[in-house]
Every structure is written in structure tokens, then in C-alpha cells.
Amino acid sequence: MGTGRTVIVFGADGYLGWATALHLSQVGFTVIAADNLIRRSWDRECGTDTLIPIRSMPERVRAWREVSGNEMLWRRVDIRNPKAVNALFMEFQPDAVVHFAEQRSAPFSMVDQDHSLLTQVGNLTGTINLLYAIRDIAPDCHLVKLGTMGEYGTPNIDIEEGFIEITHNGRTDRLPYPKQAGSFYHLSKVHDSHNIHFASRVWGIRATDLNQGVVYGCTTDEIAMDRRLATRFDYDTIWGTALNRFCAQAAVNQPITVYGKGGQTRGFLDIRDTVECIRISIEHPAEPHEFRVFNQFTEQFSVQQLATLIAEARKEHGLATSIDHVANPRIEQEEHYYNAKHQALIDLGLQPHLLRSTLLDSVIATVEHWKKRVDLDLLLRPSVDWKKGRNLNWKGASHPHLTQVRSTDSLREAPLIARVGS
Ligand code: NAD
Ligand code: USQ
């Protein structure tokens with residue numbers, strides 16, 4: 001499939017980046033796995049940890065070579081550093097670059113001004129660096145960028161895939177779909193989308209913006225080959241995404257925390273479908289000057305429905321589950337219309353793994369296996385409040401000085417940001 005083609009996967013040490021790097025390597029691409037490991041430092045800052053233990057990047061790459069016979073190249077690179085990004089492009093002249101390497105937690109982006117800035121400046125800088133590297137070094141390279149369904153918000157009309165045809169005062173045009181994102185993190189993806197669209201129009205860059213829903217699950221065919229290939233699994237209030245977090249709560253006999261009324265509806269997908277969607281996007285590249293947007297999710301559920309599905313699946317295993325409605329730390333609609341299109345990837349061949357099938361069983365079983373590693377403090381601590389920001393119960397905040405120093409350090413790690421701020 002991908003034989004002979006070179007792909008840089010940025011963010012390859014992360015939950016989805018690692019799973020994707022493995023899959024692309026397995027189907028024949030030459031994969032350059034790039035990451036600056038900052039997520040591991042953000043975990044130290046927040047006192048958070050992955051439920052499933054993960055190996056270092058050199059160990060993972062070695063294990064992959066042993067297990068599959070495939071060579072994957074590992075490079076520690078900060079995507080915010082333009083010289084380092086350019087050097088990587090010069091060395092490998094990639095056919096495609098997959099961009100996962102961003103600060104991706106909405107609560108983390110709402111902690112305080114430092115964290116909002118870190119998120120937006122860091123995320124936008126990395127994407128702009130890639131756009132310049134493509135323009136100047138590998139103009140035919142296809143950019144596959146992870147956006148998010150949260151860019152659209154929850155409008156009272158159907159959500160299209162990136163663009164909507166509008167007739168206004170008798171004239172009609174196909175325009176970018178309106179965006180109403182719900183956190184400084186989600187907004188960083190909106191700004192990225194505008195920047196990529198612009199670069200595509202003016203420089204002819206080929207780009208696919210994947211507006212992905214909330215991902216769940218912990219395994220893919222490649223990860224299942226050896227336990228040293230595990231990918232991270234977050235369950236805490238900062239990094240844990242809804243379904244994974246709910247399964248961890250239920251495993252340690254804590255109630256599932258549905259925020260507010262629980263009518264918040266989102267698109268969801270299995271991590272196995274994430275890696276397939278990326279492969280499909282690379283194998284059907286955008287044309288020069290084309291900026292395409294695919295909505296990357298397979299099913300939509302309200303948070304309440306999700307909690308109920310988990311409770312039902314656990315019941316089939318003889319496991320009890322309770323569900324609580326707790327005060328919502330976020331500002332978001334809790335009852336709303338939601339109907340988002342997600343046809344483009346299916347038209348290109350995606351065959352979705354649906355939640356009610358065996359996956360739920362596999363997530364529940366894996367979480368049960370690792371439940372001794374669940375840190376109750378991380379699970380139960382209320383999340384960052386959208387109005388008040390930093391939560392006093394947040395581990396980092398109990399040592400305000402330490403947190404302050406570490407946040408500033410994270411900013412300083414990016415040479416460009418340090419220059420702007422100094
Ligand atoms: P993650 O935090 O597990 O991984 C992100 C990786 O990017 C980390 O390994 C981190 O070290 C790396 N990174 C961050 N900044 C970097 C930098 N400046 N230079 C180099 N590497 C850097 O996140 P994830 O869950 O794997 O998400 C990956 C991408 O997919 C993100 O862009 C996210 O917004 C998007 N996404 C995720 C989900 C989800 O449910 N997990 C849903 C929709 C979209
Ligand atoms: N929620 C609860 N209880 C919890 C945690 C979350 O009810 O204990 C609710 C939230 O209020 C929200 C929904 O579940 O309404 C989803 O929250 P989430 O934390 O799973 O997802 P979100 O913050 O949107 O972010 C995650 C990823 C992000 C990605 C996004 C896809 O962290 O990187 O971009 O999912 S999407 O939501 O489609 O924009």
C-alpha cells in the first residue's frame with residue numbers, strides 16, 4: 001500500500017500518534033516518528049499518568065523492529081522550532097506529514113493565561129512551521145492535520161464537512177462552515193484551519209484537515225502484537241476523554257461523572273478507525289491548492305447515552321456501575337440539536353468499528369486489568385472550571401510556585417515563543 005513513500009508523523013509519542021506510526025509502518029510507509037516528549041513533561045506538571053504503562057520512544061521503536069521487522073526512525077524534534085522542522089524536511093523530503101503534535105486538552109488550555117497562551121501560541125506556531133517547510137522544501141508533500149469536531153460547536157443546524165453553501169441577498173457561495181469552539185484549545189484548531197486554508201489558496205499546498213471526534217479505545221492490530229507497543233490511556237480530569245475516563249471510573253467502583261444534564265452530544269470513534277482514517281487520507285491525497293475537510297468520527301452520542309452504554313456493557317460482564325450528574329465545570333450547551341455529516345471518509349473506504357460491538361468489551365477488560373494503577377485523586381478531582389480557571393484541587397495548584405515555574409519552563413522550551421515574550 002504505502003510502499004516506498006515517506007511519512008513524518010509529528011506527535012508520535014502520543015495516544016494517537018504512536019498507534020498511527022505503527023499502522024503506517026505496518027502497511028509499508030517509511031515512517032519518521034517525531035515528538036519533543038512534552039506531553040510527558042505536562043504529565044509531570046499535572047501529576048497525571050497514563051493508566052496503561054508505556055515505554056520510552058527508543059524502546060518502542062526497538063520493540064517494533066523486533067516484532068514486525070519494520071524499521072521506524074525516531075527523531076526528538078520540537079515542531080515549534082522552525083530550524084528543526086526544516087532540517088527534518090531536508091533530511092527526509094516527505095511525501096506526507098501527519099500533524100498530531102499539539103497541546104490537546106481543553107481543560108489544560110483553560111487553567112490560566114499561561115496555559116491559554118501555551119496552547120494557542122504553541123499550536124499555531126507548529127502548524128505554521130509545517131506550512132513553511134512544505135512550501136520551501138517539499139512543495140508536493142501532503143499535510144494531514146488533526147483538527148477537531150469541537151471547532152464547529154453545537155449549532156442548531158446540520159454540521160457539514162468543512163464548507164457550507166450559503167445564499168445571501170440572491171448570491172450563492174461555498175464558504176467555510178461557521179465555527180463556535182468551546183475552549184481556547186478548540187479555538188486553536190479553528191485558527192490552524194484558517195491558516196492552512198490560506199496557505200493552500202496562496203501557495204498551492206495540498207491539505208487535509210481531519211475534524212476528529214472524541215477517540216476511545218486502547219488497542220489496534222499493531223499494538224496488540226506486543227505489550228511493549230502499548231499506547232497511552234488517559235483517565236484523569238485534564239487529559240482523560242469521556243469514554244476512556246468513564247470506563248476507568250466504573251472499574252474502581254466510582255460513579256461515572258456526567259457533567260450537568262448530560263445532553264452534550266459529540267462524535268466518537270474507535271482508535272482503530274483513527275489509524276485507518278489517516279491511512280486512507282494519505283493514500284488519497286488532496287490535490288495541489290486543495291484544502292479538504294473530513295469529519296472524522298463514526299457515531300454520535302450524548303454523554304448520558306455513553307454512560308448508559310458503558311453501564312449496560314458492564315452489566316453483561318456481571319459488573320455494577322453507577323452514574324452521577326455532577327456540576328458542569330465547563331460552559332457548554334447541555335441540551336441541543338446535533339447532526340454532523342461524516343460521509344467523506346466512508347466514501348473513501350472507511351469501515352467503522354462501532355461502539356456496541358466487541359470494542360466496549362475490550363476497553364472494559366483492559367481497564368479492569370490495569371485498575372490497580374488508577375489514582376483516585378486524579379479520577380475524583382473536579383476539573384478546571386471554565387469561568388474561574390485553575391482549580392484549587394488540581395495537584396499542580398497545591399504547589400503554586402512549582403506550577404508557575406514549570407508553566408514558564410514549558411513556554412521557554414519553544415525558542416520562538418521565548419523571543420516573542422521577552
Ligand atoms: P497526546 O497528548 O497523547 O499526544 C500529542 C503528542 O504531541 C504528545 O506526544 C506530545 O509530546 C506531542 N507534542 C505536543 N507538542 C509538541 C511539540 N511542540 N513538538 C513536538 N511534539 C509535540 O494527544 P492525542 O490524544 O494523541 O491527540 C493527538 C492529536 O489529535 C491532537 O492534535 C489532538 O488535538 C487531536 N485529537 C485528539 C482527539 C482525542 O480524542 N484524543 C480527538 C480529536 C482530535
Ligand atoms: N464530560 C463529562 N464528564 C467527564 C468528562 C467529560 O460529562 O468526566 C463531557 C464534557 O463536558 C464534554 C464531553 O464529555 O461535553 C466530551 O469531553 P471530553 O473531555 O471527552 O472531550 P473534549 O474536551 O472535547 O476533548 C477531547 C480531546 C480533544 C479533542 C476532542 C474532540 O481531548 O483533543 O479535540 O475530544 S471533540 O470533542 O469532538 O472536539
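Helices (H or I, at least four residues) and strands (E, at least two) are DSSP runs, numbered from the N terminus. This is a predicted model, where local features need pLDDT of at least 70, side-chain atom pairs count only at pLDDT 80 or more, and totals for chains, interfaces and linings use all residues. Residues are numbered from 1 along each chain as its sequence is written, ligands are numbered from 1 in the order in which they are written, and side-chain values use heavy atoms, with hydrogens and water left out.

**Stop one: two loops.** Select Asn-253, in the loop between helix H8 (242-251) and strand E10 (256-259). Its phi is near 60°, a positive value in a residue other than glycine. Now jump to His-289, in the loop between helix H9 (271-283) and strand E12 (291-296). His-289 isn't a glycine either, yet has a positive phi of about 70°.

**Stop two: ligand 2.** Show everything with a heavy atom within 4 Å of ligand 2: you'll get 23 residues, the closest being Thr-148, Tyr-185, Ala-242, Thr-257 and Glu-332. Helix H7 (184-203), H8 and E10 each supply at least two residues of that shell.

Next, look at the polar contacts (pairs of N or O atoms within 3.5 Å). Oxygen atoms of ligand 2 are the place to start:

- Glu-332: a side-chain N or O atom at 2.6 Å
- Gly-150: a polar backbone atom at 2.7 Å
- His-186: a polar side-chain atom at 3.2 Å

Terms used
Polar contact = N/O pair within 3.5 Å; in protein donor to acceptor, adjacent residues only side chain to side chain.
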